[in-house]
Amino acid sequence: CLDVGCGPGFLVEDLARQMSAAAHEQGVVPSGSLMGLDCSESMLKLAAQRLARARADLPEGVEWRLVKGEQEHLRGVESATLDLLVFSQVLLYSHDLPQCLAEAFRVLKPGGRCVICDTDWDSLVVHTADKARFERIRAMCTTTFVDGHVPTKLPGLLTSAGFEIVSCATVPMMRAGYLDIDAGSFIGNWAFKVVQDKAKGHHIDKGDVDAVRTPFWGGNDAASHRHKPGRHQPGHRQPRHHQPRHHLQLKKFVTEMKEHAERGAFFGCVHRFLFLVRKPLRSS
């Protein structure tokens with residue numbers, strides 16, 4: 001099994017435990033091989049640390065290894081050697097989707113399966129009074145990805161690559177009603193943290209921003225911060241709302257989301273799409 005874009009190794013560890021549990025249920029000795037691939041040295045280091053800590057709990061018959069590589073070029077993986085390959089939230093970062101799928105097809109055995117999980121950010125909806133502002137914010141947030149709308153393209157690309165589509169499902173990442181903004185839900189994290197983090201590095205329309213005198217990080221040290229060297233010259237009076245971008249406390253959108261969360265009116269949802277596909281037993 002290969003986890004493409006394994007990150008810190010969560011899925012590799014989980015798959016190892018599942019292989020062990022399945023073997024015990026069947027009354028056989030656990031065995032198998034797992035590989036995690038990522039382009040980031042730092043992520044591979046975290047994955048290695050995680051798997052090293054879990055080693056004592058993993059069966060000896062289950063082997064794992066981590067390799068550095070790109071999803072478009074699975075170098076070091078021989079053709080027709082894998083039973084399972086996983087793309088989980090990584091294809092939206094690819095510059096060449098057909099090449100990714102061609103490589104997946106190459107390394108899978110006949111009858112081997114590929115699981116794909118990816119978000120389509122066109123499916124994002126929230127309860128907001130300003131739809132135009134929301135569309136600008138959504139467009140800003142999708143700049144993180146090469147393509148934030150992969151799932152709708154996958155059926156055609158998978159078929160062209162030679163795969164058989166076995167099933168497709170959707171997983172809604174949704175919260176509604178009262179919402180604890182510190183609880184760590186996926187959609188809550190997007191509404192209350194990701195939007196603000198992305199705003200720091202992008203031009204934000206003045207109408208979308210509450211420009212207040214409190215620093216972005218909060219607290220009551222605004223006055224002391226205004227007198228730090230280089231911020232103001234003696235006798236120079238700053239415009240009331242002239243603040244560095246990172247001092248802008250909250251976007252009006254985030255303020256609106258918090259008000260909804262506090263009075264039980266919050267609604268936010270984005271969908272992840274799951275594809276299970278198979279390499280045919282025989283070439284057509």
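**Exercise 1. Is Arg-106 buried, partly exposed or exposed, and what is its relative accessibility?**

Before we start: this is a predicted model, where local features need pLDDT of at least 70, side-chain atom pairs count only at pLDDT 80 or more, and totals for chains, interfaces and linings use all residues. Residues are numbered from 1 along each chain as its sequence is written, and side-chain values use heavy atoms, with hydrogens and water left out.

Solution. 
- Step 1: get the cut-offs. Buried means under 20% relative accessible area, exposed means over 50%, and partly exposed is in between (1.4 Å probe, protein chains only).
- Step 2: Arg-106 comes in at 26%, which makes this residue partly exposed.
- Step 3: Glu-103, at 11%, is buried.

**Exercise 2. Find the salt bridge partner of Arg-133 and say which helices the pair ties together.**

Solution. 
- Step 1: the partner is Glu-256, with 2.9 Å from N to O.
- Step 2: Glu-256 belongs to helix α8 (residues 252-262) and Arg-133 to helix α4, so the pair links parts 123 residues apart in sequence.
- Step 3: check the burial. Glu-256 is buried at 10%, and Arg-133 is buried at 7%.
- Step 4: now the rest of α4 (residues 131-141). Its buried residues are Arg-133, Phe-134, Ile-137, Arg-138, Met-140 and Cys-141.
- Step 5: down the axis of α4, these buried residues fall within an arc of 160 degrees, so they line one face of the helix. The arc is taken from the directions from the helix axis to the C-beta atoms.

**Exercise 3. Work out how strand β9 pairs with β5 and β6.**

Solution. 
- Step 1: β9 covers residues 266-278. Two strands pair if DSSP finds at least two bridges between them.
- Step 2: β5 (residues 108-126) runs antiparallel to β9, with 10 bridges. Arg-113 has Arg-278 of β9 as its bridge partner.
- Step 3: β6 (residues 164-177) also pairs with β9 in the antiparallel sense, over 13 bridges. Here Val-171 is opposite Arg-272.

Terms used: Helix = DSSP H or I, 4+ residues; strand = E, 2+ residues; numbered from the N terminus. Salt bridge = Lys/Arg side-chain N within 4 Å of Asp/Glu carboxyl O.
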